Amino acid sequence: MKIGDFVHIGANTVVEAATIGNCVEIGKNCIIGKFTIIKDCARVADNTVIPPNTVIPALASFSGAPGQFVDDLPESTQELMEAQAKGYYTRFQVIEQ
């Protein structure tokens, strides 16, 4: 399995994907089937079940059981996801006093 940079995987999610690109958000309580490929800047909504061998294209939002395409994401998704991830991880940095 290969997981890119700035990827957020929600709680209670099972991932058996082959590849997850950069700037991907996977919601909570999802199941990502075997050999799934998730391209850059994609979003999988909460409680979504992605069947095995699915390819999720870049800048796409998937939802449902089975997961289906629901919407295109804006081209600014990469910058938004990077900022969100950096903000999240700054809470875990050591603060020297």
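## Salt bridge

A salt bridge is a side-chain nitrogen of Lys or Arg within 4 Å of a carboxyl oxygen of Asp or Glu. The structure, a predicted model, holds one salt bridge. Its partners are Arg43 and Glu25, whose side chains meet at 3.2 Å, N to O. Arg43 belongs to strand β8 and Glu25 to strand β5, so the pair ties together parts that are 18 residues apart in sequence.

Arg43 has a relative accessibility of 32% and therefore counts as partly exposed.

## Helix α1

Helix α1 covers residues 77-90 and has 14 residues. From its first C-alpha to its last, α1 reaches 20 Å, close to the 20 Å expected at 1.5 Å a residue.

Thr77, Met81 and Ala85 are the buried residues named in α1. They cover an arc of only 60 degrees around the axis, which puts them on the same side of α1. Leu80 and Ala83, on the other side of α1, are exposed.

## Packing of the helix

What do the buried residues of α1 pack against? They pack against β5 (25-26) and β8 (43-44).

## Nonpolar surface patch

On the surface, Met1, Ile3 and Ile9 form a nonpolar patch. Together the three residues have about 290 Å² of accessible area.

Of these residues, Ile9 is placed in strand β2 (residues 8-9). With a relative accessible area of 34%, Ile9 is partly exposed.

Key: Residues are numbered from 1 along each chain as its sequence is written. This is a predicted model: local features need pLDDT of at least 70, side-chain atom pairs count only at pLDDT 80 or more; totals for chains, interfaces and linings use all residues. Side-chain values use heavy atoms; hydrogens and water are left out. Helices (H or I, at least four residues) and strands (E, at least two) are DSSP runs, numbered from the N terminus. The expected span of a helix is 1.5 Å times one less than its number of residues. Buried means under 20% relative accessible area, exposed over 50%, partly exposed in between (1.4 Å probe, protein chains only). The arc is that of the directions from the helix axis to the C-beta atoms. Contact means heavy atoms within 4.5 Å. Patches are made of residues with over 30% relative accessible area and no salt bridge: like charges are joined within 9 Å, nonpolar side chains (Val, Leu, Ile, Met, Phe, Trp, Tyr) within 5 Å. Accessible areas come from the Shrake-Rupley method with a 1.4 Å probe; for residues, only the protein chains shown count as cover.
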